[in-house]
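Open the model in your viewer and switch to a cartoon view. Keep the sequence panel beside it. We will go stop by stop, selecting as we go.

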Amino acid sequence: MLQELLTAGLAAAAGVAVYSGVAARVVRQYERGLVFRLGRLRQGVRGPGFTMILPFVDRMRKVNMQIVTLPVPAQEGITRDNVTVRVDAVVYFKVVDPANAIIEVEDYRFAVSQMAQTSLRSIIGKSDLDDLLSNREQLNQGLELMIDSPAVGWGVQIDRVEIKDVSLPETMKRSMARQAEADRERRARVINADAELQASRKLAEAAAVMSEQPAALQLRLLQTVVAVAAEKNSTLVLPFPVELLRFLERAAPAPGGTEPPPLPLVTGPDPGPDPDPDPAEPETD
């Protein structure tokens, strides 16, 4: 009798252990459990920890509540200013309603991926090339709103959308490089012209000051000679005063080989006019 009771107890314990092994479920901290009894969703979401279900009657579906990083494949499109580009992005989303994520949509990951690709193509067609290259923050916000609108009904919340890269054709890259080079050259010419204008004004002011003090020009000449001689060059360039050239030009002989007439040398008083010459004698036969 005792042996039969012991056998029955062992059998019951084994049955309970088997039942517990089949019915026991463990939900992780970042997961939520949905229990379907005979295909119908039971009320309430199973939280993290140990939980039990009815074997062969209930079926548990676990939903990940972590933020999912979903890369969007590169999409090729034509911008509003008729430029062909390839744009890829990344979407960060998470499940906020496990029941809707499982019931309302077949595969919420695939649905978000397709919606992201469609929205990215739409953003490319509505934007200019300059906006894609420089105004990405506003485009990211618009793309996030386009994806988040249908995703709310799926129990999914879009956390962030980022455009990663914009690929341009080689011809467009060369055109943009030439445009940037031309713009830089234009600015360099404007800066040089402005520098020449400022330098000319300063030189005019310096010339006005030196015209009042001729010795300042000579001092400046000597400073230039000292600066040139300090370079230890074999050739010394010495500026020649313009005033000396003008003096030599005035002292040069007149053209034609004739020298200018000498000045008269006066040593005494003026003798006055000569007397009239003798009258001519009459002719004789």
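Two strands count as paired if DSSP finds at least two bridges between them. Keep that in mind for the first stops. Note too that this is a predicted model.

**Stop 1**

Select β6 (68-78) and β7 (84-95). These two strands form a hairpin, with five residues between them. They pair in the antiparallel sense over nine bridges. Strands of a sheet pair through backbone hydrogen bonds, either parallel or antiparallel. For one place to look along the pair, pick Pro71, which stands opposite Val90 in β7.

Now move to the turn. Select Asn82, in the loop between β6 and β7. What is the phi of Asn82? Asn82 has a positive phi of about 65°, although it is not a glycine. Most residues other than glycine have a negative phi. Show the surface here as well: Asn82 is exposed, with a relative accessible area of 66%.

**Stop 2**

You now have an open sheet of three strands, in the order β6-β7-β8, with antiparallel pairing. Turn the view to see the twist, which averages 25° from one strand to the next.

Look at the other pairing next. Ten bridges join β7 to β8, and these strands run antiparallel. Select Val95 and find its bridge partner in β8, Val156.

**Stop 3**

Then select α5, residues 136-151. Helix α5 also packs on the sheet, touching β7 and β8. The direction of α5 makes about 140° with that of β8.

**Stop 4: a salt bridge between loops**

How many salt bridges does a search of the whole structure find? The search finds nine. Side chains of opposite charge can pair when their charged atoms come close.

Select Asp128 and Arg80 for one example. Their side chains meet in a salt bridge, 3.1 Å from N to O. Asp128 is partly exposed, with a relative accessible area of 23%. Arg80 is exposed, at 52%.

**Stop 5: along a helix**

Select α6, residues 170-212. Start with Glu170 and Lys173. They form a salt bridge, with the closest N and O atoms 3.9 Å apart. Why are they separated by about one helical turn? They are three residues apart in helix α6. Lys173 is partly exposed, with a relative accessible area of 42%.

Move on to Glu185 and Arg189. Their side chains meet in a salt bridge too, at 2.9 Å from N to O. These residues are four residues apart in α6, so about one helical turn separates them. Glu185 is partly exposed, at 41% relative accessibility. Arg189 is exposed, at 58%.

Now select Asp183, Arg186 and Arg187 together. Salt bridges that share partners join these residues into one network.

**Stop 6: a nonpolar patch**

Show the surface again. Select Val18, Val22, Leu38, Leu54, Phe56 and Val57. Together these residues make a nonpolar surface patch of about 610 Å².

Pick Phe56 from that group. Where does Phe56 lie? Phe56 lies in the loop between β4 (49-52) and β5 (58-64). Phe56 is exposed, with a relative accessible area of 81%.

End on Leu38, another residue of the patch. Leu38 is found in the loop between β2 (31-37) and β3 (40-41). Is Leu38 buried or exposed? Leu38 is exposed, with a relative accessible area of 70%. Check the backbone as well: phi of Leu38 is near 55°, a positive value in a residue other than glycine.

Note on methods. Residues are numbered from 1 along each chain as its sequence is written. This is a predicted model: local features need pLDDT of at least 70, side-chain atom pairs count only at pLDDT 80 or more; totals for chains, interfaces and linings use all residues. Side-chain values use heavy atoms; hydrogens and water are left out. A salt bridge is a side-chain nitrogen of Lys or Arg within 4 Å of a carboxyl oxygen of Asp or Glu. Buried means under 20% relative accessible area, exposed over 50%, partly exposed in between (1.4 Å probe, protein chains only). Patches are made of residues with over 30% relative accessible area and no salt bridge: like charges are joined within 9 Å, nonpolar side chains (Val, Leu, Ile, Met, Phe, Trp, Tyr) within 5 Å. Accessible areas come from the Shrake-Rupley method with a 1.4 Å probe; for residues, only the protein chains shown count as cover. Axes are lines fitted to C-alpha atoms, for helices over the stretch in contact, and angles run from 0 to 180 degrees between N-to-C directions. Contact means heavy atoms within 4.5 Å.
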